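Please look over the sequence and the model together before reading on. The paragraphs below are meant to be followed with both in view.

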Amino acid sequence: YSSIEKPYTCDMCETDVSNAYPWVDKLLEVHHLLPLSSPIKVESAGTSLSDLVGLCPTCHRAVHAYYRTWLKENGLEDFSSYKQAQDVYEEARNALNS
């Protein structure tokens, strides 16, 4: 997932938003790999940093659309596990970058 060495790079499209939009600070949005609405919890104490990635606004919307499509195509209301959510995120990421 997003590297600490590249804090302004979208984890999906790999765009360095600080170069693309130099007039805007902190353009990346925080994406939860496991949607907040999910009854499954990564950690009982709250959000885990391992559950978060930085995405540009376009990729953030696109990955949520990918999640909805994937769940619908698989006849699911929600992910069955955190691992499944991670796998579907990676599937979306790989589809974009292939």
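What follows goes from the overall layout to the helices and then to some individual residues.

The model is predicted, so that local features are given here only at pLDDT of at least 70 and side-chain atom pairs only at pLDDT 80 or more, whereas totals for chains, interfaces and linings use all residues. Residues are numbered from 1 along each chain as its sequence is written, and side-chain values use heavy atoms, with hydrogens and water left out.

The secondary structure of the protein consists of three helices and two strands, where helices (H or I, at least four residues) and strands (E, at least two) are DSSP runs numbered from the N terminus. Along the sequence these elements follow the pattern α-β-β-α-α. Of the 98 residues, 34% count as buried, a term that means under 20% relative accessible area, with exposed meaning over 50% and partly exposed in between (1.4 Å probe, protein chains only). Contact is taken as heavy atoms within 4.5 Å, and among contacts between residues at least 6 apart in sequence, 60% join residues at least 24 apart.

Helix α2 has 17 residues and reaches 24 Å from its first C-alpha to its last, close to the 24 Å expected at 1.5 Å a residue; the expected span is 1.5 Å times one less than the number of residues. Its buried residues are Pro 57, Cys 59, His 60, Val 63, Tyr 67, Trp 70 and Leu 71, and what covers them includes β1, β2 and α3. After α2 comes Gly 75, whose phi is positive, near 65°.

Helix α3 covers residues 82-96, and because its 15 residues should span 21 Å at 1.5 Å a residue, the 21 Å between its end C-alpha atoms agrees with expectation. The buried residues of α3 are Tyr 82, Gln 84, Ala 85, Gln 86, Val 88, Tyr 89, Ala 92 and Arg 93, and these pack against β1 (29-32), β2 (52-55) and α2 (57-73).

How do the two helices α2 and α3 meet, and at roughly what angle do their axes cross? The axes come within 10 Å and cross at roughly 120°, where axes are lines fitted to C-alpha atoms, for helices over the stretch in contact, and angles run from 0 to 180 degrees between N-to-C directions. The two helices are therefore oblique to each other, since angles under 35 degrees count as roughly parallel, over 145 as roughly antiparallel, 65 to 115 as roughly perpendicular and the rest as oblique. At this meeting, Cys 59, Val 63, Tyr 66, Tyr 67 and Trp 70 of α2 touch Gln 84, Ala 85, Val 88, Tyr 89, Glu 91, Ala 92 and Leu 96 of α3.

In the segment after α3 lies Asn 97, which counts as partly exposed because its relative accessibility is 38%. Asn 97 and Cys 13 are 84 residues apart in sequence, yet 7.0 Å apart in space, C-alpha to C-alpha. Neighbours within four places in sequence aside, Asn 97 is in contact with Met 12, Cys 13 and Glu 14. A polar atom of the Asn 97 side chain lies 2.8 Å from the backbone oxygen of Met 12, and the side chain of Asn 97 also reaches the backbone oxygen of Arg 93 at 3.0 Å.

Glu 14 itself is found in the segment before α1 (17-20), and Glu 14 has a positive phi of about 65° although it is not a glycine.

How values were computed: A polar contact is a pair of N or O atoms within 3.5 Å; within protein, one must be able to donate a hydrogen and the other to accept it, and residues adjacent in sequence count only if both atoms are side-chain atoms.
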